[in-house]
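Visitor: I have a structure to explore and some questions about it. Could you take me through them one at a time?

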Amino acid sequence: MVTIPSLGRTVTSRVRFARIFALGDRSNPSANTPSMVLMDDDDPLEVAYAPFRMSRDSSKTPAELKMKTRAKLCPPFNDIVTWKASEGLSLPPSLIESDAGIFPHGNAFLPITAQSLFHDSNLSNIEFEPSIICFVDSLQLVNNDNLLIKSLHSVKRRFPSSLIWMPGVSGPDNCSLLAWLGVDLMDLIRVKRAFSKGIHISAFGPIKIDKSMNQTQAWEKQIQFWKDSINTTREAIRVGNIRRIVEATCLSSPRSVQRLRRHDNFMSKIAISDPGNAGLASSMPPGTVLECNSRDTRDDPLIRYWQDRVTENWNPNPHQSKIAVLLPCSAVKPYRKSPSHSRFRHAINSRSVSEIMITAPLGIVPRDLEVLWPASSYDIPVIGEWDSDELHTIKTMLSKINSRVGFEVVINHSGIEIELEDTVVINTRESDSAGSESALKRLSEAVRENVGSYGLKEPKRSVALLASFRSISRHLLGGDQWLSNAKITGKAPDYRIMIESDQIALWDSKRGRFAFSKAALEVLKHTNLLPKVELIEGFKWSGDLFSTNISSYSGSPRIGDDMLVYQGGILVGSARAVAPAWEWPTAPGALARARHRV
Amino acid sequence: MGRTTPPKRLHELIKAPENLPSSIERRESWDATKPATVYLTPEVLPDGTPCTAATVILRTKGCAWWWKSGCTFCGYFNDVRDNVTLEDMLSQWSDAKKITNDFEGCKMVKVYTSGTFFEDRENPIEWQETVLRETYEMNLHLVVEAQAHLCKDDKLSWVSSIHPGCTVAIGLEAYDDAVLRFHVNKGFNLKTWHAAVERLRKNELRVKTYLMFKPPFMSEGDALIHSVRWIQEVSQLSDEVSINPMNIQKRTIVDRLHRNREYRPPWLWSLVKMIQDSHNAVKESGCRVIVHPTAGGKIRGAHNCGKCDKEVVAAIERYSVSSEIDEFSDLSCECHHIWSDEINSDILTPAQFGTGIARRGSPLRLMLAP
């Protein structure tokens, strides 16, 4: 049996569905994605930008395809490799209810169509992971965003290690959007078409070619536009701000904006029930900022997930369930570090009330959860006024939370007009600014009076802290059973969580997550709160977890989630996911980093 | 993604528009005693003499293949009804004669029935005989149409006995079994067409072959490559080859694709290139090639940028009469290199349905990210 060489590839950076693959020998990659596929008549570009070349023989029906590497990208990295495939005879996306025709087929290079995704049972049964998957109906598929998004998502889930190419669709103006959707390979087809019309495609859309340039200069400039876009996209994936680049470049085309919004809607639904499969992270490296500079950011699945989780699952701590205080957010995050919140907390001076921040685009941020991603680190332009959409989000979230939780009194220091059914709302702002002495005085008095009138006793600091961590645990892990017998010690902000004399976790305030100790694993084992991974029998675990080490996994890991590691059904340690659930279990490169070994 | 309902067969998709209320309304609207259309065009007789031809398109029961399945691009179902009687057909024929004053000044008549002229289930045999006999008696060269698998020996010999030497046009559409099966859903294959041609020759009837330029589910570039080859093959066995550039007929599958931006009618430049590339081979074979771009220059027919369409259509029409390749020598337009790039891109790109975009409108808007 002839073994088909497959592409050497490792994911080196990722944000949701956008990834950088290092191609070739991992120790010395020849190229990275996003990158280009050249057609037969394209002038050569550096391999670093264009590691593949495509040939198509259209004299045959169906056409025969050949994808050739332009460097030694396949282990053992001795040769250039050519993969063959058949384009098939498919029906276009509007006719996918029929299975007529001949499905495209291939191996390491696999052409597909929306129709074949729908009807070709071989796609479910193939046991190899194609190196490159090519949508041969992409130019038609882009006319149906919903089908495009569904098709892409299905392919990403089914073949998480494959590079995706949508021929003819890409340009410097939508390179980052396509990368965001999970497309890894681009081409020159669209820019060549534009060039023949006297048009350059820049990162911000089509522009007329400067007539002072000759053909060669004009083409070189077009190539430079492409390289710049690829470099920008790669860098944005590396540093984690690709969403901002996507939102900015989308604006050149209504179709791109529309596609981003539809993708947001689609992924938000997935994120709410299964955040790992939407590529979300539970925590981010220190310094990462969620930039909410455009209105489209509010539809980001990360935001929608936060809003849903807080609205549907957050509960005040038992000693804070009668009175809520609504506060404005602050530019400094977490809010508690800001001068304004120091003054608010000084004025409130009680652990018996729930402090709830009103903000955009997250809507509501309870004080306990302000240390969690993304509440702990987001930035939004503030013009001193709320728009109707922001107000609607805030009021809807508050109303739903209140109808579930049933606060007796809401002390409203946010400056937004709030009315809540069956709840007394006290406005302490009136027409003053939040930090004004008079407003702070009213806030202080309202808290004191209501705490007194409901006879609320101030809990001890340790009790309040534990309750706060339980709230964080419910939000992060979906439960807090592991903290039942715990106590909190140490100094703010990196508290220690102890059970008797064993430290079971440390609060990592920089990343907003629990750093579990080895001692926690036995406790966590019985809670079913963490995703689990089972190692292959006989494998000697010494470092990161790769697809080749894993026999199965359960749960839906997000980036940053701790996972319990089993072998032969026995708990052998823990690891931290570096790839989200949609990439499991076959993404190339490390899926999780080892944490503890029992 | 996986499907949740059983897949539909291609022919179910083709047939679906037939029962739309708008299709039914249209079918019920016409008068079966009057022909659909009658018109005169310049033509060339088999011996090469220029003449005037009358084309008579009749309202009929339609095509036996459509009753079972149907071709992907066919919109004739809009113009057929199963209650058309012998009297209706005779009345339509009389009307056609009346309109043309018994085909005055014509040397040729083309009688089209949206199906096979001599298929008895489609057209009453008495009517067939009337047309064959009268046109022979009027010394008119007759052109009728047929499906290849319906060109049976006994029938052809009967036709030949009443109107010897008439022309039978077969809609082959593509000289490629995969294309016939998938892109066209033709209902017969090349073997059947070859057998039909053999039988037509045996009965001393003339062979006209229709080819389709750019069937659905095919890119413009592939269509160009294939059609040149098909013309070269088919012209060796035909007296005439008529190439029909795809036009969008209402309520058909192709119409649906067009509305979904999954299909664009061909460029006129592609037709010019096709003629240029096949001209020498055709000339050697002695076969005549005709290209009539129906709705040429319009969005639903073969078209270019809008500036040069009239001139290019006229050149193609002239070529169909003169067979002179020089008809195209003076044509030029700035859209020619845009077309050329598209063809190149179609041929080289793994994009089965092509890489084409709209040809008219602001170039900057057309080039916005798709």
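Visitor: Is Glu235(A) buried, partly exposed or exposed?
Guide: This is a predicted model, so every answer here is computed from predicted atoms. The relative accessible area of Glu235(A) is 39%. Buried would need under 20%, and exposed over 50%. So Glu235(A) is partly exposed.

Visitor: What about Arg238(A): buried, partly exposed or exposed?
Guide: Its relative accessible area is 45%. The cut-off for exposed is over 50%. So Arg238(A) is partly exposed.

Visitor: What do the side chains of Arg238(A) and Glu235(A) meet in?
Guide: Side chains of opposite charge can pair when their charged atoms come close. For Arg238(A) and Glu235(A), the N to O distance is 3.3 Å. The cut-off is within 4 Å. The two side chains meet in a salt bridge.

Visitor: Why are Arg238(A) and Glu235(A) separated by about one helical turn?
Guide: Both residues lie in helix α7 of chain A, which covers residues 215-239. Arg238(A) and Glu235(A) are separated by about one turn because, in that helix, they are 3 residues apart.

Visitor: How many residues apart are Glu134(B) and Lys97(B), in sequence?
Guide: Their side chains meet in a salt bridge, 2.6 Å from N to O. Glu134(B) lies in helix α5 of chain B, and Lys97(B) in helix α4 (residues 86-99) of chain B. So the pair ties together parts of the sequence that lie apart by 37 residues.

Visitor: Are Glu134(B) and Lys97(B) buried or exposed?
Guide: Buried means under 20% relative accessible area. Both Glu134(B) and Lys97(B) are buried.

Visitor: Which residues of chain B do salt bridges with shared partners join into one network?
Guide: Here the salt bridges share partners.

Visitor: How many salt bridges does the structure hold?
Guide: The count runs over all chains. The total is 63.

Visitor: How many residues apart are Asp145(A) and Arg259(A)?
Guide: A salt bridge of 2.7 Å, N to O, joins the side chains of Asp145(A) and Arg259(A). The pair links distant parts of the chain: Asp145(A) is in helix α4 (residues 145-158) of chain A, Arg259(A) in helix α9 (residues 254-273) of chain A. Both residues are buried. Their separation is 114 residues.

Visitor: On to rings. Are Phe469(A) and Tyr495(A) stacked, tilted or edge-to-face?
Guide: The search of the whole structure finds 17 aromatic pairs over all chains. In this pair, the ring centres are 5.8 Å apart and the planes stand at 75 degrees. Planes over 60 degrees apart count as edge-to-face. So the pair Phe469(A) and Tyr495(A) is edge-to-face.

Visitor: Where does Tyr495(A) lie?
Guide: Its partner Phe469(A) lies in helix α14 (residues 461-477) of chain A. The pair ties together parts 26 residues apart in sequence. Tyr495(A) lies in the loop between β21 (486-489) and β22 (496-499) of chain A.

Visitor: Is Phe469(A) buried or exposed?
Guide: The relative accessibility of Phe469(A) is 4%. The cut-off for buried is under 20%. So Phe469(A) counts as buried.

Visitor: And is Tyr495(A) buried or exposed?
Guide: Tyr495(A) has a relative accessible area of 11%. Against the cut-off of under 20%, Tyr495(A) is buried.

Visitor: How is the pair Phe117(B) and Trp127(B) classed: stacked, tilted or edge-to-face?
Guide: The ring centres are 5.3 Å apart, and the planes are at 50 degrees. Stacked needs under 30 degrees, and edge-to-face over 60. So the pair Phe117(B) and Trp127(B) is tilted.

Visitor: Is Asn528(A) buried or exposed?
Guide: Asn528(A) has a positive phi of about 65 degrees, although it is not a glycine. The relative accessible area of Asn528(A) is 59%. Since the cut-off is over 50%, Asn528(A) is exposed.

Note on methods
Residues are numbered from 1 along each chain as its sequence is written. Chains are lettered from A and ligands numbered from 1 in the order in which they are written. This is a predicted model: local features need pLDDT of at least 70, side-chain atom pairs count only at pLDDT 80 or more; totals for chains, interfaces and linings use all residues. Side-chain values use heavy atoms; hydrogens and water are left out. Rings of Phe, Tyr and Trp (its six-membered ring) pair if their centres lie within 6.5 Å; planes under 30 degrees apart count as stacked, over 60 as edge-to-face and the rest as tilted. Helices (H or I, at least four residues) and strands (E, at least two) are DSSP runs, numbered from the N terminus. Buried means under 20% relative accessible area, exposed over 50%, partly exposed in between (1.4 Å probe, protein chains only).
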